[in-house]
Amino acid sequence: MKFPYLMLRDFVETRLDADEVGELLTMAGFELEGIDSVEGDAVLDIKVMSNRGDGLSVFGLAREVLAKDSEAAPTDLYKRACLRFPAESDHLVADGAIRIETPDCTRYAYRVFAGTTNAVAPDLIQQRLRQAGMRPISLLVDLTNYVMLEVGQPLHAFDFNLLKGETIVVRRAAAGETLTTLDGVLHDLRDGQMMICDLDRPIAAAGIMGGAETEVSATTTRVLLESAHFESRSVRRTRKQLGLNTEASYRFERSVDPEGVVGALNRFAELLALGGGGFEPEPGVLDVYPSPPPIRTVKVRHSRAEALLGITLTPSESAGYLKRLGFGVEGDGEPYSVTIPTWRPDVVREEDVVEEIGRIYGFDRIPERLPRGTTIRGGTQGALKTVDELRSQVVRAGYIQILSHTLRDLHALDARGERIGPRQPAGPDTAYLRNSLLPGLAEAFRRNGGRDLHLFEIGKVFAKGPGQGGSPVIELRKLAAVTQGLLYPPARPKEQPPLADFFSLKAGLHAVLNRCELSPTTSGDERYHPGRAAAILEPSSKSVLGYIGQIHPNAAAAAGLPADLCMAEIDLDGLEGSTTKVHYRPVSRNPAVRRDITVTIAKAVPYADLERALRLATGQVLERLWLVDLYEGPGVEDGEHAVTFGLQLRKFGENFTDEEANLVRDVAVKALFELGGKQR
Amino acid sequence: MNTPEALQSAALDEIELASGSPQLRELELKYLGKSGQIMLLMRELAHLPNEERPSFGQRVNQVRAAVQGRLDERAAELRVNEQAAQFTREQIDVTMPGRPMRVGYEHVLQQTINRIKDVFHSLGFLYLESPEVEHFRYNFDALNYPPDHPAMDDQDTFYIDDEWLLRTQSTAIQGRVFERMAPPLRVFTIGRTFRNEAVDRTHGHTFHQVDAFMIDEGIGMAELKGTLGLFARAMIGEDVTLRFRPDFFPFVEPGVDYAISSPKFAGGRWLELGGAGLIHPNILEHYEIDTQRFSGFAFGLGVERIPMLAYGIEDLRHFYENDLRFLEQFRNLATP
């Protein structure tokens, strides 16, 4: 809310300048967004919290200044505003002139002014409206805006002569009715939208905007000035449906003091008289008030306030704070009783009152104290801990972590399956929830030069549900990586570091893959090269957790990626429960012996089968097993290769003899023969 | 036949003239070897009369000692020179770049998250996570949002359908925790949150948010401030001061926003970090927590905000663009 500093000074005598008032209000919860100099005066721009409609007026903010600044004093204007501008005029019974037909209107009052010329408002009023960011229009309109700025009550002036009949009806629109608002827009009204109507038709959207047909003009000679109170929810719903947002609706949506309705009419009359414009009030205010707010009291324990705020203060101090804000305080016992002012619907229970005490005492004065209490085992545990460990292991293997967007557009590396996204995305960039981490990795890969990169991400991906608790999505935590090109940068000219391939990625993801099994299939996933990829299986259930492999050449072309890029994506939630156990063996002090064995065997026999057979055949004495040579060419039949294994054998507590070592070697060779191996 | 003295003189002359270790080794063989000249001279002993033998032997031994001594000295001298030459020959340019190993690193937000987790772990808080696609009930209702309240205006939300949405705040975890755990408790979470906002330098549709809360006996604003102060100083530096200011969030009462000030940033200006307060009694009562016995605090903050403040990062979008020229500047974040 913007207002000139001098308007505040109409209400408060204070030594604080505009900056100091801004700071005070900030610390009271009304944040200063800025101070501008407009037409030579300081104008404060204050951000008012959504539950504090009472702060949307200079009078309301003056109350905060008076509460926080003990040296400030209220002016006569402030005191009369507190008394709601008592006036001599009679309070007339509406006598059928106002018919309220909806519970969403809690109060409706008006007064009629008659005169000659709706010319211009006094210069000061016009200037202050401009300073507050409003455009001066005419005497009557400007005064309604000025009163709203002063006391927060929206007013609306109808040209009374343009109304059909002398009756105001507040009711819900019927389908088929229309209203052209002041901005010239014709609205087809919907059933239930609260309207101010004459006997024939809607003439204003209640609490939002007046109608064009009954707008005051230069020729207006009789004015019906409306001051009313409407339920915030109804105003909010209707103004959203109509696509409007006005100073009036903004206030009604938050809160307006229903008790200030008539006072605003009186203040208008005062200003009109001061301004000397050609309008005079007709006698009497018409006021229908079907549902005055109940008087609300809250029991407050002083000890509770001290405990929640973490401060000590005397009961009279806290009572003083509350009274300065307009709360009533009765009794000094425990608990005491606090009456909530009608402009503070946000204060409902004891804690709310405690907050008020804290606000005026100053939250900045609350001391820092560390909690005492029950010790609980904290930290990151279980599956979440596993995720942290896997992440740091992949980092240690030399991969760089990226974070890419959850919301995105479609991509060639998306996973299969029906897509899901926000029903109202902000644009094509946020149309879908990602169903794979690979698109984000592919984009990061391209962004950073498109070669010699090794990247990974851990994050959530989404498949169409139903998921947990009836969710429309299944939310899965995945780990994915892409790798291509030089495994490390060449340090010197002519050095040729090794290139990333399936096996470097397999080693890089060892921390994850050692809990899984690989099966040479892509299950038809068209993102992977069918001959150079594997499904990653959960070892006990054999369910597929993901894939690892070289990119399919078609996918590479579609995604603009090199064809030798390798990638993997794994469901980490599916890993839960898998653990790597340590089987400790004492370290032998006896020497090891080595035996190499060579067989020729069909290339179709997987290496893993050979290794498994060797381990099974040799047992505990096999300390280390490795591939020494792999040969195909002259001397070996087509479709076969010669495989040479190195076996390091060692016993615990005694040495291997040559004979024993040869025996193990023969057993090992025999095991390979059983898989189809032949002597070379 | 040479006299021992003549042999010594010849040997020493040759030793002086040797220019390298190989020649010295040759001279050692020539004079001191098994069939070297001194050995040969010693064999002359047999041809001498008995009475001359002791003195002759003694003289030959003196020659051997003198030659050996001088050889050793000379070898040491030559080695010094030769090694000096070797060192010159083998000199490398130590200013050339090192031979890099490939080193991976975590994203700057991940490193920030890790540090935040360290601080909360040290305070005994349990880390939990909840879904990113969340039910309206947990995102709003359970957090004391009245239906249709204007506060929802701030959070234009990505809805999947009428009930499910991309959570607008990680605070949505609170209802899920209160359904399963009874106080006393200390819990925190960190995760992605989503708002349907136009993207610019300081706004994104996605950001990471910390939400931390504890419920125990005797928890008030002072305990909240103490915890936040400790957190801010651990994250940003010991010279950080903390300020509370009233603010409104439906799920806390009283509610504050908290700002930090440090001489290191923005000339000591107050920089808002997030919102905090005492958990609203409506929420505690809804989950049947005894509000006469227990109270709690909660606070939230944006993860991105911390590196933005600490390093002067000017544009939120950097965090999700994955430009390695950006990320590698933060490969090893130090603790302040």
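This is a predicted model: local features need pLDDT of at least 70, side-chain atom pairs count only at pLDDT 80 or more; totals for chains, interfaces and linings use all residues.
**Domains of chain A**

Chain A is divided into the domains listed here.

| Domain of chain A | Residues |
|---|---|
| domain 1 | 2-82 |
| domain 2 | 91-288 |
| domain 3 | 296-365 |
| domain 4 | 383-489 + 497-575 |
| domain 5 | 593-679 |

Between the C-alpha centres of domain 3 and domain 5 of chain A there are 84 Å.

**A helix with a buried face**

Let's turn to helix α11 (residues 315-324) of chain A, where S318(A), A319(A), Y321(A) and L322(A) are buried. Viewed down the axis of α11(A), these buried residues fall within an arc of 155 degrees, so they line one face of the helix. Their packing partners in chain A are α3 (58-68), α10 (302-309), β20 (328-330), β21 (336-340) and α12. Just after α11(A) comes G326(A), with a positive phi of about 95 degrees.

**Where the chains meet**

Across the two chains, 74 residues of chain A are in contact with 72 residues of chain B. Helix α12 (residues 350-361) gives the most to chain A's side, with six residues. That side of chain A divides into 33 nonpolar, 23 polar and 18 charged residues.

**A helix pair in chain B**

In chain B, the axes of helix α1 (residues 4-17) and helix α4 (residues 53-89) come within 9 Å and cross at roughly 5 degrees. That crossing makes α1(B) roughly parallel to α4(B). Among the residues making this contact are L7(B) and I15(B) of α1(B), together with V60(B) and L71(B) of α4(B). By class, the contact has ten nonpolar, one polar and three charged residues.

Note on methods: Residues are numbered from 1 along each chain as its sequence is written. Chains are lettered from A and ligands numbered from 1 in the order in which they are written. Two residues are in contact if their C-beta atoms, placed from the backbone, lie within 7 Å. Helices (H or I, at least four residues) and strands (E, at least two) are DSSP runs, numbered from the N terminus. Ala, Val, Leu, Ile, Met, Phe, Trp, Tyr, Cys and Pro count as nonpolar, Asp, Glu, Lys and Arg as charged, and the others, Gly among them, as polar. A residue is buried if 20 or more other C-beta atoms lie within 10 Å of its own, exposed if 12 or fewer, and partly exposed in between; C-beta atoms are placed from the backbone. The arc is that of the directions from the helix axis to the C-beta atoms. Domain bounds come from an automatic or database domain assignment. Axes are lines fitted to C-alpha atoms, for helices over the stretch in contact, and angles run from 0 to 180 degrees between N-to-C directions. Angles under 35 degrees count as roughly parallel, over 145 as roughly antiparallel, 65 to 115 as roughly perpendicular and the rest as oblique.
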